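Thanks for making the time this morning. I would like to walk through a few local features of one model, so please have a look at the sequence and the structure before I start.

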Amino acid sequence: MEIPLKSLPGGRAAASGSCSLCTHTNASACWREVVQEQWCLWVSVQDCSMSVPVSSVSAHSNCRTSVSRNMMTQSDLDLKETALKEDLKFYFMNPCEKYRARRQIPWKLALQILKILMVTTQLVFFGLSNQLVVSFKEENTVAFKHLFLKGYSGTDEDDYSCSIYTQQDAYDSIFYVINQYRHLKNISLGTLGYEHEESGLKICKQQYKRGTMLPSNDTLNIDVSTETECILLKPKELTGKKAELKLNSSFFNLEFYRLIQVEISFQLKGIALQTIHARELPDCYAFQNTITFNNRAHSGKIKVYFDSDTEIQECKDWHIFNSVLQKNTQYILVFDGFVILSCLASLILCTRSIVLAWRLQKRFVNFFLEKHKRHVCYADRLEFLNGWYVLVIISDVMTIIGSILKMEIKAKNLTSYDVCSILLGTSTLFVWVGVIRYLGYFQTYNVLILTMQASLPKVLRFCCCAGMIYLGYTFCGWIVLGPYHEKFEDLNTVAECLFSLVNGDDMFATFAQIQQKSSLVWMFSRLYLYSFISLFIYMILSLFIALITDSYDTIKKYQQSGFPATDLHEFLKDHSGAGYRKDRTSFPLICCCRRQQSDDNLILIN
C-alpha cells in the first residue's frame, strides 16, 4: 500500500520525474525511499524532521547522525543504570545474601568472629597479669602505712590517713618515721630495700618567715612569705654517731604557729615474686613514698597524708632457672603476634570496603546528576558511610598498638601498664559493640539500633537544655551548702551527689547530713533538694524517657507500614535483583539462618 507523502508530518510532495535525494532512475523506487526516510525521521526526532528540509542532503545526514548518537547514549545510560542498581543492591546485602548472590565468601564476618575470640582471650590474659600488679601495689601501700605511720588504725579517716592533735604527737610521728626507715630491713616482711646508698630520707619543713601571734589579745604580726628548709638522712648516716647529731639539731625545733607543713619523702625498691606462680617473669618496682604533715589550717589538727607513687622498672640483671616460665612467655608472645595479624587483615578489608563504598557513592551521585539533573541529598550519601567499618578500623588500630605494648611489657622491655590497659580495654569494647552490626540484619534485633539512631539527635538537644539547669543547681549547691554538708564541699562532689539523687540513691543521707547551725541555710537546703528532685525525677527524666519511647514507637510504625522513601530507595525499588536469588541449594553453615523475603526491603542497613 502506498503512503502519500503529504500525509507525513512535515512532509512535502516530491516533484515528478527523477528524485534529487536518491540515485534511483525508477521514479516509484525513489518515491518509496523518500517516504521511508521521512517516516524514520518523524518517528525518531520530530524536531529534526521539522527543521531540516528534505531537499538538503547535508542537513539530512547530520540529522541521522544525531538520532543514532541519541539512541546509543540512551542505550549506554540504560546499561549503566542496570549495572549501578545491581552493584547497589549487592552492596546493601548482608554477608549471607552476598554469598547466595555471587558466591562471595564472607571473609570479614569470619574474621570478625575469630578476632572477637582472640582479642577477648588476649584481654583476659592481660587482665589476670595486671591484677597481680594492682594487688602488689595496693598491698605494699597498706604495708607502708602500717610501717611508717604511728598509730595508724588500718582505715583512712577521710582523704587523709590519720591526724594528730598535740605537739608531742607531732614530734613522735616524725621521729617514728625516721626510726622505722633506719631498721627497715629488720622489720619489713616484704622484699624491700633502699634505692641506693646515696639516697636517703629527705625531710623538708615549710613555714612562714617570721611573726608573732597573741590570740588572747587578738594580735597578729606575721610575714606571709614562706621559707623551706630540708635535711637529708642517708642510710649509712643513720647507723653512726652523725645521726644523733642531725636528729638533735635545731632543724627539728618546730614553731607550730609558723609551721605550714612537714614533708618526708623516701624511695624504696621491691621485687614482685608472686608472678612466678602465674608462670610469668617477675617485675621490679620503685616506690616513691611521701608523708605530709599538713598544718595549713592551723586549727589544732594536723592531717597526715601518705602518698605512694609506684613505678614498674626493668630488672637489670635477672636469672630464672626454670624453662617453663620462658616457654610460657614465648607462647603468649606468639599468640599476641597472631592477634596483630588478624587485626591487620581486618583493618585492610574494612579499609578496602570503605574505599569501594566511596567509589560506589560517587558513581551513584554522578549518574543521578546526569539522569535527573539534581544532586543526591545528604542523607542518601551517608548511607554509603558504614559507621561499623569505621568502628572496626579504630578498634583494630588500638588493638595493634596495645598488643605491641603488651608484648614489650611481657618481654620486660616496657612498663606502660596503664596505657596498654586503656588501649586493649577500649578496643575490646568496640569489638563487642560491633557485633550489633550483624544482629541488625534481623528485624527483631534491629529495633535497638534504629531506635538509638532516631532518638540520638533529640536526646542530645534535650541534654544540652537539661545540662544548663543541672549546672545551675551544681554551682548553687556548692556555694550555699558547701560549708554545711560534706557532699557539697567541691564542685566535683556536688555533681556526683546530684547525679546520685537523680537516680534515687542516697536521698535520706543527703537530707540528714546537713548541719542545722543556720536555720536559714537549713530551710534553703530543703527547698533546694525538694525542687531539684521534683524537677529532674518527675519532669526531666520522664521527658527523657518519653523521647526514646517516641522514637521506638515511630520505628515500630515504620516497620509495619514502611520507612519513608528517599531517592536511593526509589532508585532501587524497581530493581528486583532476581538474578541474585536463583540458586540457594548450597551455602555455608554460617548462612543457614535465612531472613524472610519481606524483611529485605524494610530499610537499608549500613
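At what angle do helix α5 and helix α12 pack, and how far apart are their axes? Bearing in mind that this is a predicted model, the answer is an angle of about 150 degrees between α5, residues 107-148, and α12, residues 417-433, with the axes 10 Å apart. Angles over 145 degrees count as roughly antiparallel, and α5 and α12 are therefore described as roughly antiparallel to each other. As for the handedness, α5 passes α12 in a left-handed crossing.

Let me set beside that a second pair, α15 and helix α17, the latter covering residues 519-561, which pack at an angle of about 55 degrees with their axes 9 Å apart. That angle makes α15 oblique to α17, and α15 passes α17 in a right-handed crossing.

I will stay with α15 for a moment. This helix runs over residues 491-502, and its 12 residues reach 17 Å from the first C-alpha to the last, which is close to the 16 Å expected at 1.5 Å a residue. Its buried residues are Val 494, Cys 497, Leu 498, Leu 501 and Val 502. Seen down the axis of α15, these buried residues fall within an arc of 145 degrees, so they line one face of the helix.

What about the two ends? At the start of α15, a side-chain oxygen of Asp 490 comes to within 3.2 Å of the backbone nitrogen of Asn 492. After the helix comes Gly 504, with a positive phi near 80 degrees. In the loop between α15 and α16 sits Asp 506, whose phi, near 60 degrees, is positive although the residue is other than glycine; at 40% relative accessibility, Asp 506 counts as partly exposed.

Finally, Leu 450 belongs to helix α14, residues 443-481, and at 6% relative accessibility it counts as buried. Leu 450 and Thr 554 are 104 residues apart in sequence, while their C-alpha atoms are 9.9 Å apart in space.

Definitions and conventions
Residues numbered from 1 in each chain as written. Predicted model: local features only at pLDDT ≥ 70, side-chain atom pairs only at ≥ 80, totals over all residues. Heavy atoms only, no water. Helix = DSSP H or I, 4+ residues; strand = E, 2+ residues; numbered from the N terminus. Expected span 1.5 Å × (residues − 1). Buried < 20%, exposed > 50% of the residue type's maximum accessible area, 1.4 Å probe, protein only. Arc of directions from axis to C-beta. Polar contact = N/O pair within 3.5 Å; in protein donor to acceptor, adjacent residues only side chain to side chain. Axes fitted to C-alpha atoms, helices over the stretch in contact; angles between N-to-C directions. Parallel < 35°, antiparallel > 145°, perpendicular 65-115°, else oblique. Left-handed = near helix turned anticlockwise from the far one by under 90°.
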